[in-house]
Amino acid sequence: MTIHSTGGELQVLPSNYSQLIRFLQEDLAISAASIDVALRHSQQDPGPLPMILWQYGLITLEQLEQIYDWLETAA
């Protein structure tokens, strides 16, 4: 997985979402429908997928922290 750091923020390249999506679904039990909603919103309002999930209330703050912890270890 390729993760780039820009201004201290981790961003997953769009071509590498598959591992992140697998983590979201298998480890955090985020529904495919929630992920689809976030992906659609990310096309209109670009930003990190984890933040979009959180901004739209699709994950909790605790889950957001778990995602960023996972992203750091996946680098």
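These legends accompany several close-up views of a predicted model.

View 1. Let's begin with the overall layout: the chain has four helices and two strands. Starting at the N terminus, the elements follow the order β-β-α-α-α-α. Of the 75 residues, 35% count as buried. Contacts across the sequence are worth a glance too: among those between residues at least 6 apart, 41% join residues at least 24 apart.

View 2. As general background, nonpolar side chains tend to be buried together in soluble globular proteins.

**View 3. An aromatic pair between helices H1 and H4.** The structure holds one aromatic pair. Its partners are Phe23 and Trp70, whose ring centres lie 4.8 Å apart with the planes at 10 degrees; the pair is therefore stacked, as the planes are under 30 degrees apart. Phe23 sits in helix H1 and Trp70 in helix H4, so to speak at two ends of a link between distant parts of the chain, 47 residues apart. Phe23 has a relative accessibility of 9%, and because that is under 20%, Phe23 counts as buried.

**View 4. Helix H2 and its buried face.** Here is a helix whose length can be checked by hand. H2 has 13 residues, which at 1.5 Å a residue should span 18 Å, and its end C-alpha atoms are 19 Å apart, in agreement with that expectation. Ser34, Ile35, Ala38 and Ser42 are the residues to look for on the inside, as they are buried in H2. Seen down the helix axis, the buried residues fall within an arc of 95 degrees, so they line one face of H2. Their cover includes H1 and H3. Turn to the other side of H2 and you will find Ala33, Arg40, Gln43 and Gln44, which are exposed.

**View 5. Gln63, a buried glutamine in helix H4.** Gln63 lies in H4, which covers residues 61-74. Its relative accessible area is 17%, and because this is under 20%, Gln63 is buried. A polar atom of the Gln63 side chain lies 2.8 Å from the backbone nitrogen of Thr60. Gln63 also touches Leu28 and Ile30, not counting residues up to four places away in sequence.

**View 6. Ala29, an exposed loop residue with a positive phi.** Ala29 is found in the loop between helix H1 (17-26) and helix H2 (32-44). Although Ala29 is not a glycine, its phi is positive, at about 55 degrees. Is Ala29 buried or exposed? With a relative accessibility of 64%, Ala29 counts as exposed, because that value is over 50%.

Definitions and conventions
Residues are numbered from 1 along each chain as its sequence is written. This is a predicted model: local features need pLDDT of at least 70, side-chain atom pairs count only at pLDDT 80 or more; totals for chains, interfaces and linings use all residues. Side-chain values use heavy atoms; hydrogens and water are left out. Buried means under 20% relative accessible area, exposed over 50%, partly exposed in between (1.4 Å probe, protein chains only). A polar contact is a pair of N or O atoms within 3.5 Å; within protein, one must be able to donate a hydrogen and the other to accept it, and residues adjacent in sequence count only if both atoms are side-chain atoms. Contact means heavy atoms within 4.5 Å. The expected span of a helix is 1.5 Å times one less than its number of residues. The arc is that of the directions from the helix axis to the C-beta atoms. Rings of Phe, Tyr and Trp (its six-membered ring) pair if their centres lie within 6.5 Å; planes under 30 degrees apart count as stacked, over 60 as edge-to-face and the rest as tilted.
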